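Please look through the sequence and the model shown here, and then read the report that follows.

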Amino acid sequence: MKRTLFLYLMISAFGAMHAQNAAKPAIPKDDKIEEQVECLLKKMTLEEKIGQMTQLAIDVLAKNNNPLANMNPNSFKLEDLKDLLRKYKLEKEFVLSKSMPEKDVMMQIYMKIQNIESKKGFELDEALLDTVIGKYKVGSILNVPGGIAQTKETWERIICKIQDKSIKEIGIPCIYGVDQIHGTTYTLDGTFFPQGINMAATFNRTLVREASRISAYETKAGSIPWTFAPVIDLGRDARWPRMWENYGEDCYVNAEMGRESVLGFQGTSPNHIGANNVAACLKHYMGYGVPVSGKDRTPSSITVQDMREKHFAPFLEAIRAGALSVMVNSAINNGLPFHANSELLTQWLKKDLNWDGLIVTDWADINNLYTRDKIVVSKKEAIKLAINAGIDMSMVPYECSFCTYLKELVEEGEVPISRIDDAVRRVLRLKYRLGLFETPVYKAEDFPLFGSKEHAAVALQVAEESFVLLKNKDNILPLAKGKKILVTGPNANSMRTLNGGWSYSWQGDKADLCAIGYNTILEALNKEFGTENIVYEPGVTYKQGGTYWEENIPEIDKAVSFANKVDYVIVCIGENSYCETPGNLTDLRLSFNQLNLVKALAHTGKPIILILNEGRPRIINEIEPLADAIINVMLPGNYGGDALSELLTGKTNFSGKMPYTYSKEINSLFTYDYKPCENQDKMQGAYDYNAVVSVQWAFGYGLSYTTYEYTNLKVDKSSFTADDMLTFTVDVKNTGTRTGKEAVLLFTSDVIASLTPDNRRLRAFEKVELQPGETKTVRLKVKASDLAFVGYNGEWRLEKGDFRIQAGNQTLMVTCLNTKIWDTPNK
């Protein structure tokens, strides 16, 4: 009896201790929703459950009106082909001989007919809809019909048909998802904001939240309830083709902006997403932005310390803010694909955070475990591995074998039904939280502010606050009116380059067609300075229809001849649009043609103003000394041209700061938080260490038309312990003659630590507006626990010792009195 009592007390004590250490729910439990989920789950068949875990692309449901699509080669004759060419008025373009053409010609004919048919608009195939939803019970559809943005009315029509079928067949609404990552990017006439990298450069949390709120409103106008955003990868390798999608290289900036974006998309009540809000989907979980090769979807080699301390930080912050879903990194870390990593998917994300949201794969990434990564012998084994690791929904995306294989795996006992039920609960919970059972479709007419002037004004402000003035020799800017200006370069007259990828189409290549109502840089400058003062000759142009990096034969001499007749030369250089793997490169230097264009123009002796319109920092050390002014506009969206014209004339002031380190040399790619040994010129003795950080422009750098003075950096506690909150204040004065906005950045440096510390880390920032002569005291709060780091054993630790604090040119020292080591995975 005594032994039984002792065991009972021990078990009770252990249970109490476990409950005490368990994280509180990341999203508060809603009893009504949980009851609804359980009630529905009990009624569902295995096929219906698996269907809810399946996501297919919308093109699977498309009616193919191309007669060649279903052609029987055995019965299709030459005369049939001739009739077809006449029907589509292609007989002059394809002159046939006496025999059927070769395969490549047939493919050209097919694509021509496909292009003609696609212009008639997207049509759902009722038979395919019946197969996908009626037979396989598929619970989610994604992507844009026909690969190009649709009107909100078309979205409503398509999704209404899908929802009608889904509710009729299985009694559960479908959840539709799209990549609206910088505004309503797959909805025609919607508001486009600058890309994520620009959002980071604003250092303005309010604008990030407001942009996401507007994006949610306009996305919902098309009845789309789920957006695959925000992107909170850390862009820490300048070669990576997705640098521009996220909030730069720093984990704190990504965490802050990611949280604000989630709150903008979803509102403040994650259990009850409003009529004007959508579910956010954090991506790509995690460590995606540091591939060893610099190329998309290739392996990384991230330590446990960096994974926990830096790459996980934005996801942790956004999930604590109520994020409802997460998309997984397509790549591999230290040999293990993220889609098969149960420690990161189930333990870190679901269990450690007590998070009940949904994990969805990226495009075809379960199958990639078999076909690309070679860690299983079949697709079926890949499904088993990924689902057991914690995947809840598979973005398949083109066929239904996932459903068949997963059913077999459950029946064979290879995937527990408990794992299926857990995944389906998460899918259903998301649908209830979104109110899809009550309102599966919205009326486009109920969103009168869609594409409005009010929304455009916010997009313009974001663009203006994101541009970074990198150089302004002898205050050449702002430009005076009445001067003659040559506008040149391949990016001068292009909406495609202003927007980048995920803009009207995946690669952004349809932007010049879809965004004709907005101003390119050239058009905006024509309006601002007058067409009589603007001369346009590009000198270098991109090859239409080619890969993003292809350029036509340059005509640099033409640009040079015009340069001799003007007062200033504005050279718009950078990159054409690209997205994901097609954006991989082999040389980070700016193209040979563009470098030569700038060099030739500089020989005229006319002042050169460089506009960098690019998704990643291309190396320009050869031409930087030749420029009198340099502006980094990155990817500012549809209002980028207008924003630039207002900044060039001084109507508005520059306030953006660099969200990444702009490297100077091709083999010196750094981030600002490098280790001390990476910037050491000499070691003791005669050994020439030659490890020097070579940076063109540093993280956090940015000029203005005014100047600022920092004084009186103070802290309320010069010594502290792990539980303290440190409050820093610094006086910032506008010492110039123009109104300006200054992003005040607070950095810390751990002087001595048991693991070699980072050079410095950003811990706080605030943006303030100052009139000429005005001084404001800026208050910056930092939790002492934020100064902790992850030790060699994977545990968080804040060590006794000194920390150097910096804001502007002001520094001070603070001291941690005691060492603390956390016994929980997260602080």
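## Salt bridges and burial

At 36% relative accessibility, Lys112 counts as partly exposed, a class that lies between buried (under 20% relative accessible area) and exposed (over 50%), judged with a 1.4 Å probe and with protein chains only. The model is predicted, so local features need pLDDT of at least 70 and side-chain atom pairs count only at pLDDT 80 or more, whereas totals for chains, interfaces and linings use all residues. Residues are numbered from 1 along each chain as its sequence is written, and side-chain values use heavy atoms, with hydrogens and water left out.

Lys112 forms a salt bridge with Glu93, the term meaning a side-chain nitrogen of Lys or Arg within 4 Å of a carboxyl oxygen of Asp or Glu. The pair links distant parts of the chain, since Glu93 is in the loop between α4 (78-87) and α5 (103-118) while Lys112 is in helix α5, 19 residues apart. Helices here are DSSP runs of H or I with at least four residues, and strands are runs of E with at least two, numbered from the N terminus.

The structure holds 62 salt bridges, and the table gives some of them.

| Pair | Closest N to O distance |
|---|---|
| Glu93 and Lys112 | 3.1 Å |
| Lys717 and Asp716 | 3.1 Å |

Glu156 is buried, with a relative accessible area of 16%, whereas Lys443 is partly exposed at 48% relative accessibility. In the pair of Lys717 and Asp716, Lys717 is partly exposed at 27%, and Asp716 is partly exposed at 44%. Elsewhere, a network of salt bridges links Arg205, Arg209, Glu256, Arg259, Glu260, Glu317 and Glu766.

At 21% relative accessibility, Val441 counts as partly exposed. The C-alpha atoms of Val441 and Lys220 are separated by 9.0 Å, although these residues are 221 residues apart along the chain.

On which side of α2 do its buried residues lie? In helix α2 (residues 31-43) the buried residues are Ile33, Glu34, Val37, Leu40 and Leu41. They cover an arc of only 135° around the axis, which puts them on the same side of α2; this arc is that of the directions from the helix axis to the C-beta atoms. These buried residues pack against α3 (46-52) and α17, while on the other side of α2, Asp31, Lys32, Glu35, Lys42 and Lys43 are exposed.

Helix α15 (residues 379-389) has Lys379, Lys380, Ala382, Ile383, Ala386, Ile387 and Ala389 as buried residues. What covers the buried residues of α15 includes α13 (342-351), α14 (365-371), α16 (401-411) and α17 (417-433). After α15 comes Gly390, whose phi is positive, near 130°.

Note on methods
Contact means heavy atoms within 4.5 Å.
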